[in-house]
Amino acid sequence: MSRYLIVTHQTARSPELQQKISELIAKDAAAEFSILMPEQERTDSWEGGDTLDVAQQRLELAQEELQKNTGASVVRTAVGSSDPLKAIEQELVGHKDYSTILICTLPRGASRWLKRDLIGNAQKKFGLPVIHVVAEGASR
């Protein structure tokens, strides 16, 4: 059985992420998933209310949709630091049983995470396989 750490925020409910999870379940029906949602960074133009509340609401909707649309066994959800690399590190310190990290981002150019090379940095820092899923747009 594989255990996947899904790291996502704006793309949490994207069809691309759901497709990838369906593919992983097809290969391993006993796969388990945890969803880690870093808080959104506050910017000068931030108008979205409390970042923790926004992340928690997105997380709950993402969990419901993944379970409903893919049959995924979501065993854990968490909101993490707005720095996604730090959020992953904190999650891995507390939960050492992950076999793979799955990071879902917006496309190059729109993704702050890709501008910071989150994929490459996660591969170097954590020594786990990293699957990168690109969602064409932000989730509803």
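Good morning. I begin with leucine 17, which, leaving aside residues up to four places away in sequence, touches Ile6, Thr8, Thr11, Ala12, Leu102, Cys104 and Val133. Please keep in mind that the model before us is predicted.

Leu17 also belongs to the largest nonpolar core, which has 21 residues. Together with Ile6, Ile21, Phe33, Ile35, Ala72 and Leu102, Leu17 is among the members that touch the most others. Which elements give two or more residues to this core? They are β1 (3-7), α1, β2 (32-38), α2 and β4. Another core lies apart from this one; it has 18 residues, including Leu85, Leu92, Tyr98 and Ala122.

Helix α1 covers residues 15-27 and helix α2 covers residues 51-70; they pack at an angle of about 50°, and their axes are 10 Å apart. The crossing of α1 past α2 is right-handed. On the α1 side, the meeting residues are Gln18, Ile21, Ser22 and Ile25; on the α2 side, they are Glu65, Leu66, Asn69 and Thr70. By class, this contact holds three nonpolar, four polar and one charged residues.

Finally, I come to helix α5, residues 118-126. Which of its residues are buried? They are Leu118, Ile119, Gly120, Ala122 and Phe126. Their cover includes α3 (84-94), β4 (100-105), α4 (112-115) and β5 (130-134). After α5 comes glycine 127, with a positive phi near 65°. Thank you.

How values were computed. Residues numbered from 1 in each chain as written. Predicted model: local features only at pLDDT ≥ 70, side-chain atom pairs only at ≥ 80, totals over all residues. Heavy atoms only, no water. Axes fitted to C-alpha atoms, helices over the stretch in contact; angles between N-to-C directions. Helix = DSSP H or I, 4+ residues; strand = E, 2+ residues; numbered from the N terminus. Left-handed = near helix turned anticlockwise from the far one by under 90°. Contact = heavy atoms within 4.5 Å. Nonpolar A, V, L, I, M, F, W, Y, C, P; charged D, E, K, R; others polar. Buried < 20%, exposed > 50% of the residue type's maximum accessible area, 1.4 Å probe, protein only. Core = buried A, V, L, I, M, F, W, Y, C linked by side-chain atoms within 4.5 Å.
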